[in-house]
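Biologist: Before we discuss any detail, could you put the model on the screen, so that each term can be held against its cut-off?

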Amino acid sequence: MAYSFPEEVLEHVFTFVTSDKDRNSVSLVCKSWYEIERGSRRRVFIGNCYAVSPAIMIRRFPEVRSVEIKGKPHFADYNLVPEGWGGYVYPWIVAMARDYPLLEEIRLKRMVVSDDALELISRSFKNFKVLAMSSCEGFSTDGLAAIASNCKNLRELDLQECDVDDQSGHWFCHFPDTFTSLVSLNIACIESDVSLPALERLVARCPNLRSLRLNRAVPLEKLPYLLCRAPQLVEFGTGAYSAELRTDVFVNLASAFSGCKYLKGLSGFWDVVPAYIPAVYSLCSGLTCLNLSYATIQTPELAKLVSLCHNLQRLWVLDYIEDTGLEALAASCKDLRELRVFPSDPFGAEPNVALTEQGLVSVSEGCPKLESVLYFCRQMSNAALIAIASNRPNLTRFRLCILEPRVPDYLTLEPLDEGFGAIVERCKNLHRLSLSGLLTDRVFQYIGTHGKKIEMLSIAFAGDSDLGLHHVLSGCESLKKLEIRDCPFGDKALLANAAKLETMRSLWMSSCQVSYGACKLLGQKMPRLNVEVIDERGPPDSRPESCFVEKLYIYRTVAGRRMDMPNFIWKIDKDTGFRLS
Amino acid sequence: MAPAMSVSSLGYEVTSPNYKETELTLRLPGESRTQKSGTKRGFSERVETELNSSVGDSRGMIFEDDQLANEVISAAAKSPKSKAEVVGWPPVKSTRKLNKACKYVKVAVDGAPYLRKVDLEMYNSYQQLLTALQEMFSCFTICNYLNERKLMDPVNGSEYVPTYEDKDGDWMLVGDVPWEMFVESSKRLRLMKSSEAIGLGSSEDTFKNAQAKVVEEAFNYSAQ
């Protein structure tokens, strides 16, 4: 078929199409567009490492420069996924080492990364620039040493909440003296000491350093030296924010901070000594991001600090902020987009802070741009949720965690169905929702009816029957990820909505009421789903088919059955029931 | 002395599927099993899903004895530090358990295919830790068998002794040192078959002393 533009022109046009979604659409227009698009795609996002194989990715997109891969299900963050489940990055690295010599960026989330994988990365990609690993594990500081030694053009090394086997801080000395390209460094999760002289020299010789997040081991007294050598920083994470109370230390620190004219993001603050907080005051009016979620400072100082940050867009904080602090936030920070309030004592039986639903209501009233909320608290009411929904119909992410499971509206003792119903009804662009508290099937009816844009839904200790799950699966058109724990949802809803599962990335169900028989049926009927039964009690077929499985993870895939399952995961095959992996 | 709890008392029978029994129940942390809040009760999801299992299941069920269940639960609930908690709830990442230090160690069991992670800072004593281990690896029971209390697998009759690897890489018996020192120095735990554990420590006597000490300290709650 004739087309008016030569390939080169189309290719050039496509460089302006950057989002994955749009590029996917482009590739569906016609065969020639598919071919041009695939040859020019530079960035690939793999939301589930088992949904596709490295070979398939490489075959379709031969010129990729940047890869992002996610592994374990989200509930792995809360210890619900047993060790050894999978998510190994090594096979991906091997394949890319062979076929993507020009690869520049690797971003990983919840994957198991071995030292061998890091070593291979460091040796295989001459132009390697970005290694960003979030919630990954399986590697030690030896692997980091290889990256430091060999990646001559590294710009970004970001270890976000990784579990690193800390052999020693010596790895840091492996950055050669000729290495000057660093733009972003995040070592906050490293426990051991990093050589301070090496750190100082590195910071001093990297003129493009924009983001520096230190680990707890870097003492407060060392910060001025670092900050003075990197006044161009846009983002900074302190180490332990404590020292003896000494005027000279304070003055040096305050002076160093005031030299950072471009600083927009601040984090760290472990072991805070409140007297040193005022050292950052000069930065407050410029800050857009403040992460105090490790800072154990209490309300008066906390509220004062926060109320100085008039341009704040994102605040992560502990519940020490209390309702009064949140009121101060609401009054001062009119540009706030995202609020996360974490629990300081999640396992304590009694409340230790005066933080209630009222704090969140205040922020929803005072901050017109608020769109993303994560809030841990101990009590909630339908009235509060309805108020929040009506104040903030622009919410896009709403995650509420009431610390005790199944707690009703504390005023009326009713379930919280109406409150969450109001949220989904009013907030038409809501794409992420986490529920908690006492909830019946009714809330799921609301969600199925109104939650048309919801992409990720997290449910725990909720619902009465299969009808609840059915409402969600049949009603939520945009659903990609559904994770459920401890709900009375079972076979009927799952089997009735089997086709839906192929339109989603994944479904996690643990401690629910799905029988092994239903899993087998699903696995047999749906060849493009991997149905994984995680059950540590031994082979499921040693029990009656009506037995409920402990955990179930279902995901769509074009890669077929995976070969790296541990022996407590039972893949359901389409053939004869199941085979041991 | 309370009557010994023999293996057979842990057996149970499931005839035809009884949906009332298989109803998913869950106890709120801190409640004992005999309390009811609404229709939801029960200590851990593992216990309730076990109700589905057949008699031939390889893992026996613990907490058949309500009184024992209540005692274990109240022992756990007594501690101001460790609440009887449901796994993974509230959904807080381990990296955020920050005010206290957080000391996660892997726990392996000889013969079991999987590892668990346990946060030693959640417990105040060996007793609490061993109780938690028992819940986690539900094949074990605190077996008051012939006056000796150990962790025992009712299926194959093996006894398991809790051991740990310390900072120097040596394998030691759990219970050798004061609790705080143990938390500070242990890198990983292993429930070792007691036949293999002989030899830990410098002599048979040391072993026996250590074992007696663990047992005494760990299981020192009211008679069963």
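Biologist: What percentage of the contacts in chain B with a separation of 6 or more comes from residues 24 or more positions apart?

Modeller: Such residues account for 58% of those contacts in chain B, where contact means heavy atoms within 4.5 Å. This is a predicted model, in which local features need pLDDT of at least 70 and side-chain atom pairs count only at pLDDT 80 or more, while totals for chains, interfaces and linings use all residues. Residues are numbered from 1 along each chain as its sequence is written, chains are lettered from A and ligands numbered from 1 in the order in which they are written, and side-chain values use heavy atoms, with hydrogens and water left out.

Biologist: How many helices and strands does chain B have, and what pattern do they follow along the sequence?

Modeller: Chain B has six helices and seven strands, counted as DSSP runs numbered from the N terminus (H or I over at least four residues for helices, E over at least two for strands). Along the sequence they follow α-α-β-β-α-β-β-β-β-α-β-α-α. Of the 224 residues in chain B, 54% are buried, a term that stands for under 20% relative accessible area, with exposed over 50% and partly exposed in between (1.4 Å probe, protein chains only).

Biologist: In chain A, the axes of helix α17 (residues 441-450) and helix α18 (residues 466-475) come within 8 Å and cross at roughly 5°. Why is α17(A) called roughly parallel to α18(A)?

Modeller: Angles under 35 degrees count as roughly parallel, over 145 as roughly antiparallel, 65 to 115 as roughly perpendicular and the rest as oblique, so a crossing of roughly 5° makes α17(A) roughly parallel to α18(A). The axes are lines fitted to C-alpha atoms, for helices over the stretch in contact, and angles run from 0 to 180 degrees between N-to-C directions. On the side of α17(A), the contact is made by A:D441, A:F444, A:Q445, A:I447 and A:G448, and on the side of α18(A) by A:L467, A:G468, A:H471, A:V472 and A:G475. These residues divide into four nonpolar, five polar and one charged, with Ala, Val, Leu, Ile, Met, Phe, Trp, Tyr, Cys and Pro taken as nonpolar, Asp, Glu, Lys and Arg as charged, and the others, Gly among them, as polar.

Biologist: How many aromatic pairs does the structure hold over all chains, and what makes the pair of A:F75 and A:W508 edge-to-face?

Modeller: There are 26 aromatic pairs over all chains. Rings of Phe, Tyr and Trp (its six-membered ring) pair if their centres lie within 6.5 Å, and planes under 30 degrees apart count as stacked, over 60 as edge-to-face and the rest as tilted. With centres 6.4 Å apart and planes at 85°, the pair of A:F75 and A:W508 is therefore edge-to-face. A:F75 sits in the loop between β2 (66-70) and α5 (90-99) of chain A and A:W508 in strand β20 (residues 506-510) of chain A, so the pair links distant parts of the chain, 433 residues apart. Both A:F75 and A:W508 are buried. In chain B, B:Y126 and B:W179 form an edge-to-face pair, 5.1 Å centre to centre and with 90° between the planes. B:Y126 belongs to helix α3 (residues 126-136) of chain B and B:W179 to helix α4 (residues 179-185) of chain B, so this pair ties together parts that are 53 residues apart in sequence.

Biologist: How do you know whether B:Y126 and B:W179 are buried or exposed?

Modeller: B:Y126 has 1% relative accessibility and therefore counts as buried, and B:W179, with a relative accessible area of 8%, is buried.

Biologist: Over which ring does the charged end of A:R562 sit?

Modeller: The charged end of A:R562 sits over the ring of A:Y50, 4.3 Å from its centre; the criterion is NZ of Lys or CZ of Arg within 6 Å of the ring centre and within 35 degrees of the ring normal. A:Y50 also belongs to one aromatic cluster with A:F75, A:Y78, A:W85, A:W508, A:Y553 and A:Y555. In chain B, B:R190 lies over the face of B:W171, at 5.9 Å from the ring centre.

Biologist: Which values make A:D271 partly exposed and A:D486 buried?

Modeller: A:D271 has a relative accessible area of 35%, so it is partly exposed, whereas A:D486, at 2% relative accessibility, counts as buried. A:D271 has a positive phi of about 50° although it is not a glycine, and phi of A:D486 is near 55°. A:D271 is in the loop between β11 (265-267) and α11 (281-284) of chain A, and A:D486 in the loop between β19 (481-485) and α19 (491-496) of chain A.
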